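Biologist: I am new to reading protein models. Could you take me through a few features?

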Amino acid sequence: MPTPISIRARFGYTLWQILIGLYNALITLYIIGVLLANRTWKIGRDARRKAFRTYDPVRPLKVGIVSEYYYPHLGGLSGDVHYAAVEFAKMGYAVKLITSHVAEPHNIRHSEFGFEILRVGRSIPVFANGSLAKISFAWNLGRQVKKLIREQKFDVIHIHCPLTPVLPLLVQRYADCPVIGHIHTLLRTKPFYYKIFSSQLARFMADFEGRIAISKVCARPFQEWFNCDFEIIPNGVPVDEFKEFHPKIPHFDDGKTNLFFIGRMEPRNGISVLIDAFRIIHAEEPDTRLILAGAGPLKSFFEESIEDDLKPHVHFIGPILEEKAQYFATADINICPTTRVASLGVTLLESLASGKPTVASDIPAFRETAENGRDLLMAHPDTPEEFAAQTLRLIREPTLGQLLAKRGQLKMQKFYSWSLIISKVDVYTNQVLGRLSSFEKLQSV
């Protein structure tokens with residue numbers, strides 16, 4: 001049975017919620033000010049944005065990639081835009097990744113992988129949609145973006161999470177070339193401000209020359225709310241990194257069964273369910289440990305929720321990046337208890353690519369990626385007992401685990417390598433540019 005959360009942990013969580021509410025109120029005022037100052041309501045109404053320069057197909061394409069998130073911010077979106085930039089650069093394109101400044105010494109400008117990083121404003125946190133989000137902060141952010149767009153003369157811009165303030169909206173406002181919006185977020189209900197500004201947001205979505213969503217379940221709400229279509233292209237995974245040999249973490253290489261979770265320490269990732277499941281697992285199989293990797297605002301809350309006799313078997317190791325593949329090599333079983341807000345699940349892709357058996361939430365986004373009983377085992381996202389039962393089954397049936405792991409890894413290598421995924425994005429991008437070029441020729445006749 002779950003252990004009651006201590007009064008200290010509950011108080012800390014309540015205080016955190018109050019402070020977050022006050023902080024978010026100030027951030028909201030800033031967002032409103034920036035959007036009003038830059039007249040973002042003109043998106044979709046300004047004919048000048050559609051007066052594109054003539055695209056020369058002979059010279060290398062100049063590609064802009066826009067994201068509020070990039071390393072050292074850890075998470076799926078940072079990886080998505082990084083590997084998109086890497087693969088586009090490999091194709092010979094001139095690639096510029098547009099994001100915000102972060103703490104030193106992480107403000108690199110030129111990536112070793114052949115693309116440039118352009119920074120405007122400063123990245124600050126905001127809590128939204130059950131997660132810690134980021135926005136760009138600067139009183140003159142609009143002028144910075146407008147100047148950057150004017151100087152760079154992009155052939156096409158890919159904006160990730162386009163309806164989120166403030167950098168994506170400002171780039172769309174001032175873009176002077178075709179723009180493709182990438183939807184990454186699953187919204188189960190229509191947000192309040194989507195209801196208020198529904199007609200404006202529908203116009204914003206119609207303003208894109210192309211639209212990509214990472215899953216069908218992710219695209220569906222936007223299709224219904226804003227009457228627009230999407231090309232479905234999922235996230236990828238760096239399969240080659242998992243093919244290499246990685247030694248196990250010595251501290252955890254002692255014969256115990258290592259259960260591994262990676263993700264932000266926040267409610268939507270199902271960590272409470274995972275901890276409750278581990279209580280059951282450890283009671284039946286004492287030679288087990290739980291390793292949780294990731295940072296987040298509730299890390300201390302989850303640590304406080306662990307009773308004293310279980311604490312030696314639960315390890316919160318904090319954020320990891322370079323060591324990620326080594327930790328996956330150390331794991332015996334990966335667990336992805338993400339709640340229903342997942343739009344695809346980069347951690348699921350990584351877990352399957354690692355070649356280790358995986359237990360994941362039985363949710364629509366994950367069912368688009370993997371098949372229960374063939375690539376992995378699934379459990380109800382709200383039921384610790386099911387996660388415990390499926391994990392115990394893999395512990396006690398190692399042959400089944402090996403079979404599932406092999407199938408999952410092969411699926412990732414065949415369908416989800418970044419080179420394959422970005423080649424699909426490239427094909428779609430050129431279709432968009434070709435369609436626009438044909439339309440312009442017809443208009444000139």
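Modeller: First, some ground rules. This is a predicted model, where local features need pLDDT of at least 70 and side-chain atom pairs count only at pLDDT 80 or more, while totals for chains, interfaces and linings use all residues. Residues are numbered from 1 along each chain as its sequence is written, and side-chain values use heavy atoms, with hydrogens and water left out.

Biologist: How many salt bridges does a search of the whole structure find?

Modeller: A salt bridge is a side-chain nitrogen of Lys or Arg within 4 Å of a carboxyl oxygen of Asp or Glu. The search finds 20 salt bridges. Take Lys 299 and Glu 303, whose side chains meet at 2.9 Å, N to O. Both lie in helix 10 (residues 299-304), four residues apart, about one turn of the helix. Helices are DSSP runs of H or I with at least four residues, strands are runs of E with at least two, and both are numbered from the N terminus.

Biologist: Which parts does the salt bridge of Glu 350 and Lys 324 tie together?

Modeller: The closest N and O atoms of Glu 350 and Lys 324 are 2.9 Å apart. Glu 350 is in helix 12 (residues 346-353) and Lys 324 is in helix 11 (residues 324-330), so the bridge ties parts that are 26 residues apart in sequence.

Biologist: Are Glu 350 and Lys 324 buried or exposed?

Modeller: Buried means under 20% relative accessible area, exposed means over 50%, and partly exposed is in between (1.4 Å probe, protein chains only). Glu 350 and Lys 324 are both buried.

Biologist: How many aromatic pairs does the structure hold?

Modeller: Rings of Phe, Tyr and Trp (its six-membered ring) pair if their centres lie within 6.5 Å; planes under 30 degrees apart are stacked, over 60 edge-to-face, and the rest tilted. The structure holds 19 aromatic pairs. Phe 137 and Trp 139 are edge-to-face, at 5.0 Å centre to centre with 70° between the planes. Trp 139 is exposed, because its relative accessibility is 73%.

Biologist: Why is the pair of Tyr 194 and Phe 226 tilted?

Modeller: Their planes meet at 55°, with ring centres 5.7 Å apart, so the pair counts as tilted. Tyr 194 is in helix 5 (residues 192-196) and Phe 226 in helix 7 (residues 216-226), 32 residues apart. Tyr 194 is buried at 4% relative accessible area.
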